[in-house]
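Dear colleague,

Please find below the structure that I am handing over to you. I would be grateful if you could read the notes that accompany it.

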Amino acid sequence: MKKKILLLGAGDLMYRSILKLQKENYEVFVVDKKSNSIGFKIADGFKAIDIIDAISITEYAEEIHADCIIAANDAGALAAAVASQKLNLKNVAVTTAQKATDKGLMRKTWQKNNLSQPDFIICDNQKQLKNEIIQFGLPCVLKPCSNWGSKGVSLITKPNDIDFGITFALQNNRNNRFIIERYIDGIELTIEGLVINGNAKILAYSDKEHQQHDRYKV
């Protein structure tokens, strides 16, 4: 009997992943909040569910008797971990997923383990954001603690940028927590990899191409 994988995400970028998993002899079920997602056309089963909705994902995984839940990107990582824990499926721990998807928790974890990183402060009171930025000093980067794809992230280099940065962050925040980081100019690297039984395997790394823009970089 084929193992059943529940893949969180069914857009263009996941289309080839679905085919690859099926080629490896898995049944692939998918969820995506878009009811016309291209992956629905080729999956063994599908349901229109937001990939951050841990409760609905847990229910669907139980319904199809999934053997594994895979987050296709960081947006679904926490929901995949929560659902897997409830169904006793192998995945990263919920606390690990939280630290990987909340920038504030991530920075604090790195700080606790003495990893090199920019100075930062975390603000959980949006009314104090402006004062916190002014006291922290410029240039800095303002980010919502919880979001992805650089949504709500902006570079603040002068006082006139502060109000825009706050508005942009508020429009894209998910938990009313924000992080202010020291801006460091230079080459930004992205590294993709997997951790298997505690062993890290690097799959790819590259420089990020930055936009020529005063406020947005990636």
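The notes below describe what was found in this structure.

This is a predicted model, in which local features need pLDDT of at least 70 and side-chain atom pairs count only at pLDDT 80 or more, while totals for chains, interfaces and linings use all residues. Residues are numbered from 1 along each chain as its sequence is written, and side-chain values use heavy atoms, with hydrogens and water left out.

Overall features

The protein contains seven helices and ten strands; these are DSSP runs numbered from the N terminus, helices being H or I of at least four residues and strands E of at least two. Its C-alpha trace spans about 60 × 35 × 35 Å along the principal axes. Of the 218 residues, 37% count as buried, that is, under 20% relative accessible area with a 1.4 Å probe and protein chains only.

Strand 1 runs parallel to strand 2, to which five bridges join it; two strands pair if DSSP finds at least two bridges between them. Ile5 stands opposite Val28 in strand 2.

Helix 2 (residues 54-64) has as its buried residues Ala54, Ile57, Thr58, Tyr60, Ala61 and Ile64. These pack against strand 1, strand 2 (27-31), strand 3 (45-47), strand 4 (68-71) and helix 3, where contact means heavy atoms within 4.5 Å. His65 follows helix 2 and has a positive phi, near 60 degrees.

An open sheet of four strands has the order 5-8-6-7, and its pairing is antiparallel. Strand 5 (120-123) and strand 7 (154-156) stand at the edges with a single partner strand each, so one side of each is left without a neighbour in the sheet. On average, neighbouring strands of this sheet are turned by 25 degrees against each other, direction ignored. Strand 6 (residues 140-144) is joined to strand 7 by three bridges, and Cys140 has Ile156 in strand 7 as its bridge partner.

Helix 6 (residues 129-136) lies across strand 5, strand 6, strand 7 and strand 8 (178-182), and runs at about 15 degrees to strand 8. Helix 7 (residues 162-171) lies across strand 6, strand 7 and strand 8, at about 155 degrees to strand 7. For these angles, axes are lines fitted to C-alpha atoms, for helices over the stretch in contact, and values run from 0 to 180 degrees between N-to-C directions.

The second largest pocket and Ser146

Which residues lie nearest the centre of the second largest pocket? They are Ala75, Leu78, Thr101, Ser146 and Trp148, out of 14 lining residues. Helix 3 (77-86) and helix 4 (94-101) each supply at least two residues of this lining, and helix 3 gives the most, with three.

Ser146 is found in the loop between strand 6 and strand 7. Ser146 is buried, with a relative accessible area of 15%. Not counting residues up to four places away in sequence, Ser146 touches Thr101, Asn172, Asn173, Arg174 and Asn175.

On a 1 Å grid over the protein atoms alone, a pocket is an open set of points where a 1.4 Å probe fits, with protein on both sides within 12 Å along at least five of seven lines, and lining residues have an atom within 4 Å of a point.

With kind regards

Note on methods: Buried means under 20% relative accessible area, exposed over 50%, partly exposed in between (1.4 Å probe, protein chains only).
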